[in-house]
Amino acid sequence: MGGRDLSPGLAVFCARFAHRFLRVEPRRRMSAYVHGLVSGGERKNGWVQAESAGEAGPEGMQRLLNAATWDEDGVRDDVREVVVGAIGDIWQGRLIVGQTPFLKRGRRSAGVTTRIAEETGRHENAQIGVFLAYASEAGCGLIDRELYLPQEWTDNRGRCRGAVDDSVGYRSPSDLAQVMIGRALDADVPFGWVTAGVCHGRSEQLRSWLEERGVPHVVEVPGECRVATANLQVRPAAEVIDELSESVWHRLSHLDDVAGLRVRDWAAVDLYRSGRQYGNWLLAGRSITDPSDVSYHLCFGPIGSILSELARIADGRRAIDECVRSARLESGLSDYQVRGYRPWYRHITLAMVASAYLLILRGTNADRGEDGLSQIRPVRSRPNAVAPWW
């Protein structure tokens, strides 16, 4: 394979993943692929990638994604290790679940379904990627990914054949979130909280699983979600919050990676809890300019958790939106031309490699040596705080 020289830093970085490739050819092509993803330009499809690598056509890059022998899940695990080594924080680290559509023109790519775009209200074909990000005060990076296959695919094995292996069954977005969080737990990733948007937060199964594992979390839920109050009344979340006195609302500000300084009013209500170590709360955030704009969050965490901490975690969920947006713009997350299920994972994983490289390049680990990861210990929550509720 012909090729153009990689920068020394990128060559060293890609060498971290060399053990996931049994043969030298795909190993070198992986480095060239990642180089193409971070080299700029609006589109980073197979032809552009081939040109960046000094190749005459896209066949080699397509072979890397479709047929070459290498361990994409192992690379995924290595990316997680790299990101945590760069920005891991024993106190402030958190896991964020999110999902994003990848627009497609046809309907033959694995998992493509027709959805209504929130921005335009028009029907469009898209694949849905579910992601797990790791965030701290030092930054945010993608550490895991799953492709959502709608039941219209898994119930039609004939349609799957050719794009998806027969062994792949249906799993809801919240099931995929649970799988990814489980992998992070098994890998002893240091974090204090898990947070997710309403798509995943509405899943009672996911919330129960997190509680059973003793994982503190703040997840958004719809207003009609029914909650058990401290006096064992089961009522819609919106109804419980509507009855609160204005005196229990507190104006708090948080720095948001998407919108900058974000100011909202926050209130929380104790919910029923069965144990002594953890508490359950219904948290609400309200716009200061539009009181009808209210978000609802179910929280589970150490008894000493305070309102400002819960609100900070709830607001911090938006960091994954910026993380995905940056990966789209800077590392070609959405610039792929593959139809198969496994090739999708391979491209997305290499885009995560590129994104992790850029994360380090921005200097987020400037004050931490290469052995920084060994200094991090798995933590499920910060110690109980003794502080006013607000």
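Predicted model: local features only at pLDDT ≥ 70, side-chain atom pairs only at ≥ 80, totals over all residues.
Phe21 belongs to the loop between helix H1 (8-15) and helix H2 (24-38), while Trp70 belongs to the loop between helix H4 (59-66) and helix H5 (72-87), so the contact ties together parts that are 49 residues apart in sequence. Both Phe21 and Trp70 are buried.

A second pair, Phe102 and Trp344, is edge-to-face, because its planes stand at 75 degrees, with 6.2 Å between the ring centres. Here, too, distant parts of the chain are linked: Phe102 is in strand E1 (residues 94-103) and Trp344 in helix H14 (residues 341-361), 242 residues apart. Phe102 is buried, with a relative accessible area of 1%, and Trp344 is buried at 0%. Ring pairs join Phe102 and Trp344 with Phe131, Tyr336, Tyr341 and Tyr345 in a cluster. Elsewhere, the charged end of Arg286 sits over the ring of Trp249, 4.1 Å from the ring centre.

Turning to the cysteines, a search of the whole structure finds 0 disulfides. For Cys140, the nearest cysteine sulfur is that of Cys323, 3.7 Å away. Cys140 counts as buried at 15% relative accessibility, as does Cys299 at 2%.

Finally, there are 2 cavities of 30 Å³ or more. The second largest cavity holds about 40 Å³ of space, and its lining has 6 nonpolar, 1 polar and 1 charged residues. Among the lining residues are Leu147, Gly169, Arg171 and Tyr341.

Methods
Residues numbered from 1 in each chain as written. Heavy atoms only, no water. Disulfide = S-S within 2.5 Å. Buried < 20%, exposed > 50% of the residue type's maximum accessible area, 1.4 Å probe, protein only. 1 Å grid on protein atoms, 1.4 Å probe; cavity = no way out; pocket = protein on both sides within 12 Å on 5 of 7 lines; lining within 4 Å. Points joined across faces, edges and corners; volume = space filled by probe spheres on them. Nonpolar A, V, L, I, M, F, W, Y, C, P; charged D, E, K, R; others polar. Helix = DSSP H or I, 4+ residues; strand = E, 2+ residues; numbered from the N terminus. Phe/Tyr/Trp six-rings, centres within 6.5 Å; stacked < 30°, edge-to-face > 60°. Lys NZ or Arg CZ within 6 Å of the ring centre and 35° of its normal.
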